[in-house]
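This report looks at a few features of one protein model. Please keep the sequence and the structure in view while reading.

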Amino acid sequence: MKLNEIRDNEGAAKKRMRVGRGPGSGKGKTAGRGVKGQKSRSGVAIGGFEGGQMPLYMRMPKRGFNAPNTRKLVEVNLWRLQDAVDAKKLDPKADIDAEALIAAGVIRRARDGVRLLGKGELKAKLNIICWSASESAVKAIEAAGGKVTQQRPVAAEKVEA
């Protein structure tokens, strides 16, 4: 066997279809594109075209900017916590975190974290662990004798090899 005798196995490499290369190829003349019109030519730009009418996507108002990496925090007001304590769904002696709030039915899901807001009145002494809290919420909880811990997990540091 010599270098110039080396070949692929029979049927291993299929030749590509060359369109528009005469009637004998089976894909000559219209090259499989049908006949006439914009779609039979190259550079088709017909996707959102509405016959000259202003397309729907251009008629809709464009508003704002959606930042791709924002945190979706669940907001909880103080009155919701007080209602849960009054209904004996939250234990004021235990630490209250996202799991406890879900179990009590105060929030449906934790998303990226819980943000505590200061609307309403709080009488119970609560120890709360959340992502963040407003100043008014922290003041109200500390005035009731409780404590707020704002816990933010640190992103894993890069490991150098």
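Is E50 buried, partly exposed or exposed? E50 counts as partly exposed because its relative accessibility is 30%.

## Basis of the model

The model is predicted: local features need pLDDT of at least 70, side-chain atom pairs count only at pLDDT 80 or more, and totals for chains, interfaces and linings use all residues. Residues are numbered from 1 along each chain as its sequence is written, and side-chain values use heavy atoms, with hydrogens and water left out.

## Salt bridge

A search of the whole structure gives one salt bridge (a side-chain nitrogen of Lys or Arg within 4 Å of a carboxyl oxygen of Asp or Glu). R59 forms a salt bridge with E50, and their closest N and O atoms are 2.9 Å apart.

R59 has 41% relative accessibility, so R59 counts as partly exposed. Buried means under 20% relative accessible area, exposed over 50%, and partly exposed in between, with a 1.4 Å probe and protein chains only.

## Exposed residue L3

L3 lies in the segment before α1 (56-59). Helices (H or I, at least four residues) and strands (E, at least two) are DSSP runs, numbered from the N terminus. L3 counts as exposed because its relative accessibility is 74%.
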